[in-house]
Amino acid sequence: MRFVIVFLLLSFVATVQTAFSQKKTAYVSGKVVDENENTLSKVSVYILGRQTGIITSDSGSFRIKVPAEKAFALQFSFTGYKIEQRNFLLNENEQEYLVIRMERGSQELKTVVVTDQRQRRETGLVVINPKNAINIPSPTGGIESLIKVFVGSNNELTSQYSVRGGNYDENLIYVNDFEVFRPYLVRSGQQEGLSFINPELARNVNFYNGGFQARYGDKMSSVLDIQYKRPRQFGGSAYIGVLEQGFHIEGATKDNKFSYLIGVRNRSNRNLLSSQETQGNYVPSSADLQALFTYQLTARSSIELLGNISQTKFTLIPSFSQLTSSVFSPYFSANLGLDIFFEGREQDRYRTNMIGLSFLQNPRKNIRLKWMLSRFQNDERESIDITGAYLFGAREFDKSKPDFGLINNPLGAGLYQTFARNMLNIEVWNLSHKGSLDKGIHFFQWGQTAERQLIDDKLNEWEYQDSAGYNLPYAPDMLQLNKVLKSKSEIEITRLSGYIQDNIIFHDSSSFTLQAGLRYNYNTLNNQFLLSPRAGFSWKPRGWKQDIIFRGAVGAYHQPPFYRELRRYDGTINRDLKAQQSWQVAGGLDYNFQSGFRAFRLTTEAYYKKMTNVVPYDVDNVRLRYFGENKAKAYAVGIEFRLFGDLVKDAESWISLGFMRTREDIENDFYFNYKNAAGETITAKTEDQVIMDSVRQDIGWLRRPTDRLITFGMFLQDYLATNKNFKVYLNFLYGSNLPYNIPNSVRYRNSLVIDPYIRIDIGFSALLLDSEKSNRRSHNPFRNFENIWATLEVFNLIDRDNTISYLLIKDFSNTTFAMPNRLTPRLLNLKLVARF
């Protein structure tokens, strides 16, 4: 599979190099006139999909070289006139002459967007166009699906992501400078609802996958910085699909003093989950309401109010599950099956409320101050009581046999029961101040935050296992549960944090920039005071013909513990837990170049993270279970390559390739090998063995749960050569294998392997209604719509059975087998998007 990825990358680059280098050509010439037969000069003439072309002469004439023996379209555009298009299919060296008559219309010039150099100069920064979030074919959709193209994924059902060897809890998310949080009790992607971020409301999306500045918070992996729109005129959008529906409106008063931005969404994954291996009645639902109100008090001050109400419910009444796996070894080969018959149900509820008020003022042109007050509340409930009776053994796959699909050679049978009554309430109050001062070559930034965190939880979980009539772990004179977790805690934490930072531009040509800052953090939980110096630079060599910028960053990134890190496996809280600490260094380059008719951007970045006071954890689906102790050290090292460009005009595409290794060394992590009286080495003591000697084996460095050697992502956009109104979107993700932990096993920690994750999603869009309103009658119900698009999406095009976790089953001889839990198969989705 590694060779497949390399081949795809080389094929993509080769396509870019040769896509428009035509060997066979023809010519189209003619003149352009208006309705009165007057010639039009300086009319733009270009091949559809290309960014360059020609303009007509003073006499309105033109002559353009075009590809031969393939369909193409010529477009003619001029200010104040409707765009004209002509389709062609010409032979080699053929010459075509035509007269184009252009009609006056309401066609407006597209807004010219001047991109600043910040995204090229800041280490780790990826600027994402939020408009692509509605286009990318993905079951979850949204901004996070775009991020996964850059950082990889192993689960299409979740909006969470892992960055450079970190876990889900190591990512920061800001919306209009307010930090937002996710539910914490979620066990699987099935239970997840909508992401906090509504892409229809987003204006700017900045994603840092490392090396971020001191002005951002205290996490070790990434920052997602979202800025919502501030509308100037009325508008909105509505979309409806099989999985999700949404509506948003925006507008402002005539004097632009007051603006509003409101979005509503509803999502149900029922159709997506109905094809899961566990059959039953799935009733998932998620809805949210978000609003941003802005009022301009004076010319130099304004206030903003951001609010969010979200609720997710998940109900499952399972009935039957049928898992299958294959075992190949020199001693044993079989197609193994596991049939489980369920009773009971699961009911979960997650509610999130957030409100934030900010006051912005500009006392002077070069000073900007912002004061913020916010309250975030997360209320979560879990209720699970499910019993499963299972039969495990070899499954018959010969269709000619009468027992096809059935287990014909039982290896194990048993029963298990999972019970949970969990409650969690998190309340976070935040008071912050941010400011900036522009002093020419110096741009100072500072900030101060006081935060109060209130956590109240009650956990009651247990699991009973029975194998062949004996409960596990086996005790002849008593009934023992396989797992018990009972805990009740109330935690109150006050956190103080702040930063100061200077951004310096050297030389008038801005060839060298430096960002240097210092961040501090203190919390009352463990009374730990942390300092985090961070610095970054960029340098563009003078006199080089190539447009290359070198950039790098170094700094300390420490992460004080929050709810999940504090809790040990047995449910107890470690109030003395210290912050996980890391020193990180990253460096790379940003290269703009031209290939044929297209402009491309290539970035590469290498990084190294050294981590101490690490809290080890295990991953099961999307649930993180921490050890609750600072008992490990770790590192992550890797390199990433990204290529951005428009394969066709106005259709941005990109590919991302990363290589990474992350390892951890857990303190006092060892086991014993024993020798019996016969001198044979055995791995465990038994009653019928006489132990003569033992040898201690220290584990040392192990793969971390997020250790993935290769990640590859590709997002392509294209449209027909003769019609821009028919588009195709391709989302391709590949990730090499991941380790999976066997619970309560030191010897075999992270020894299981989850197969590579491969997924291809594709979408086809057609324009049903264009933006030309002059052709619509006054009584037309669609007269005020800008456009309407219809989209057909095919999820998991290759219908690959990706694995997310394993279910461990013992047979009659106490041998443990790992049965894979699969993700979603191929699925169709229809979507209709309208903008007005």
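How many bridges pair β11 with strand β12 (residues 222-228), and in which sense? The two strands pair in the antiparallel sense over 6 bridges. Here two strands pair if DSSP finds at least two bridges between them, and strands are DSSP runs (E, at least two residues) numbered from the N terminus.

The model is predicted: local features need pLDDT of at least 70, side-chain atom pairs count only at pLDDT 80 or more, and totals for chains, interfaces and linings use all residues. Residues are numbered from 1 along each chain as its sequence is written, and side-chain values use heavy atoms, with hydrogens and water left out.

**Strands around β11**

Buried means under 20% relative accessible area, exposed means over 50%, and partly exposed lies in between (1.4 Å probe, protein chains only). In β12, tyrosine 228 is the bridge partner of alanine 202. β11 also pairs with strand β8 (residues 125-128), again in the antiparallel sense, over 4 bridges. Valine 127 stands opposite asparagine 206 in β11.

The loop between β11 and β12 holds arginine 215. Its side chain makes a polar contact with the side chain of tyrosine 216 at 3.4 Å. A polar contact is a pair of N or O atoms within 3.5 Å; within protein, one must be able to donate a hydrogen and the other to accept it, and residues adjacent in sequence count only if both atoms are side-chain atoms. The C-alpha atoms of arginine 215 and glutamine 448 are separated by 9.8 Å, while the two residues are 233 apart along the chain.

**A three-stranded sheet**

An open sheet of 3 strands has the order β4-β1-β7, with mixed pairing. Its edge strands are β4 (61-67) and β7 (95-101), each pairing on one side only. Strand β1 (residues 25-33) runs parallel to β7 and is joined to it by 7 bridges. One of the bridge pairs is valine 28 with glutamate 96 in β7.

**Salt bridges**

The whole structure contains 40 salt bridges. A salt bridge is a side-chain nitrogen of Lys or Arg within 4 Å of a carboxyl oxygen of Asp or Glu. Three of them are listed here.

| Pair | N to O distance |
|---|---|
| Aspartate 379 and arginine 349 | 2.9 Å |
| Arginine 749 and aspartate 618 | 2.7 Å |
| Arginine 696 and aspartate 698 | 3.0 Å |

Arginine 749 counts as buried because its relative accessibility is 7%. Aspartate 618 is also buried, at 8%. By contrast, arginine 696 is partly exposed, with a relative accessible area of 44%, and aspartate 698 is exposed at 53%.

**A nonpolar surface patch**

Phe258, Tyr295, Leu297, Ile303, Leu305, Ile355 and Leu357 form a nonpolar patch on the surface, with about 550 Å² of accessible area together. Patches are made of residues with over 30% relative accessible area and no salt bridge; like charges are joined within 9 Å, and nonpolar side chains (Val, Leu, Ile, Met, Phe, Trp, Tyr) within 5 Å. Accessible areas come from the Shrake-Rupley method with a 1.4 Å probe, and for residues only the protein chains shown count as cover. At least two residues of the patch come from each of β16 (278-298), β17 (301-328) and β18 (333-361). Tyrosine 295 belongs to β16 and is partly exposed, with a relative accessible area of 35%.
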